[in-house]
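I opened my notebook to look up a pocket, a sheet and an annotated domain. Here is what I wrote down.

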Amino acid sequence: MDIARVTRYISDLWDAEIVPQLVEYIRIPNKSPMFDRDWAAHGYMDAAVKLMETWARGKLSQLPGATLEVVRLEGRTPLIYIEVPGQGDDTVVLYGHLDKQPEMTGWSEGLGPWTPVLKGDKLYGRGGADDGYAIFGSLAALLALREQGVAHARCVILIEACEESGSYDLPHYVDHLAPRIGNPSLVVCLDSGCGNYDQLWLTTSLRGMTGGELTVQVLEEGVHSGDASGVVPSSFRILRELLSRLEDPETGRIKPDELYADIPAQRIEQARAAAGVLGNAIYQKFPFVEGMQPVTEDLTELVLNRTWRPQLAVTGVDGLPPLDSAGNVLRPKTSVKLSLRVPPTLDGAKAGEFVKQLLEKDPPYGAKVSFKLEKDGSGWNAPPLSPWLEQAVAEASQQYFGAPAAYMGEGGSIPFMGMLGAKFPQAQFLITGVLGPHSNAHGPNEFLHIPTGKKVSMVVAEVVARHFQNHSR
């Protein structure tokens, strides 16, 4: 395969078509169903599907025999299903998603979640990097192979629409399409992160996730704080006490041993190597306020904390009035949204049930305590790379990035990976992405680093070609 020709073809396609398509995609507020319960009525998800479908159909004529279908199961978010015929008996699955996280506050002046802005090599706006580029990057890779007449296996592209809600619709689609998907020997996922923009990063593991809404109620209605304080326990104080069952308030360490898992020796070594590559950038990529420090100065421990250890985040709160409306009232209840990341090898559903029991049992003062579980996604630990894939990844990183490949777990979750890992235990996995330093997925000022998107597309082309070469022997 002519490396220079692949580079030129994919780069030109990104500049001429993919970036303009992503600009239009960013404008669509197609929030995941968890954040837009009326998503079907609003039509934004359908608009995003239509945008991607229209562009993809325009390219299928260059891929003889390729087909596209928007699959819609009753009451579920849609899924884009593309088949591209190939040679041999093997199948490659390429995965991405098109739903988005909600707006979030704090965007810089001139930027916004649904306002695409190009600044140099960066395209700002919600969803371009997470994960709208996936369908475009996957097809760009296959088109580049076709342009050179390079053989590849049959490829199936799956683009789901509820990943940011935990992919609860996806198992139904995978089961529905199982006879058509077949038994893939390689899975490519473009929904992950990268430690920097200087080399290819492979994701070796993904944490699972559980969480939901914790509510503490002490009164039927608010009362004068001067009259009730000291008699009626504060719902906020009780909530703090309950959270302390789960998390050490001084260190942030999750207390119950049931929420931990043994870390494989190879993952510890990879964490140490990644820390050596990234150095202080592991924490300096975050917008700390002046004087703020990370939880530890041990860089390897920071990597392991965000990839293999349970961690809690409070992501929302209800029952607290705005500061300018906060009168002297002892409030009746406080609710918080909890997001608990759990180790890759821990059962997410069992972890959620454990947390629910931990928080609801023996409520202080007899308060009304409820924990409504919303998420129970298990994590994923990658199988060892086959020699052919390890070599292909190493050479592709050198060819297109000019630097060695790096390996690191990710703190986020991609439920699809665990699902496919269980269904296809013999498959190899190439999990990578473009979410690098300061790209701030899910937060304000999210951006796609366009050169990395191009290079990742080139790597996919290289690996898909090498897959066929290896499996056709």
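**Pocket, sheet, domain**

I began with the lining of the second largest pocket: strand E9 (208-217), strand E11 (311-318), strand E13 (333-342) and strand E14 (368-377) each supply at least two of its residues. I noted that this is a predicted model.

Which strand gives the most to that lining? I found that E13 does, with four residues.

Next I looked up the volume. The second largest pocket holds about 270 Å³. I counted 13 lining residues, and the closest to the pocket centre are Glu 213, Thr 215, Asp 318, Ser 335 and Val 336.

Then I sorted the lining of this pocket by class. I got six polar, five charged and two nonpolar residues.

I turned to the sheet. Which order do its three strands take? I read E15-E8-E16, in an open sheet with mixed pairing. Strand E15 (380-381) and strand E16 (406-410) are the edges, and each pairs on one side only.

I checked one pairing in detail. Strand E8 (residues 201-206) runs parallel to E16, and four bridges join the pair. I picked out Leu 202, whose bridge partner in E16 is Tyr 407.

Last, I looked up the annotation. The unreviewed UniProt entry places "domain: Peptidase M20 dimerisation" at residues 205-363. How far apart are the end C-alpha atoms of residues 205-363? I noted 36 Å. I also noted the make-up of this span: 35% helix and 21% strand.

Terms used
Residues numbered from 1 in each chain as written. Predicted model: local features only at pLDDT ≥ 70, side-chain atom pairs only at ≥ 80, totals over all residues. Heavy atoms only, no water. UniProt positions renumbered as here; feature names shortened; annotations may be inferred. Pairing = 2+ DSSP bridges. 1 Å grid on protein atoms, 1.4 Å probe; cavity = no way out; pocket = protein on both sides within 12 Å on 5 of 7 lines; lining within 4 Å. Points joined across faces, edges and corners; volume = space filled by probe spheres on them. Nonpolar A, V, L, I, M, F, W, Y, C, P; charged D, E, K, R; others polar.
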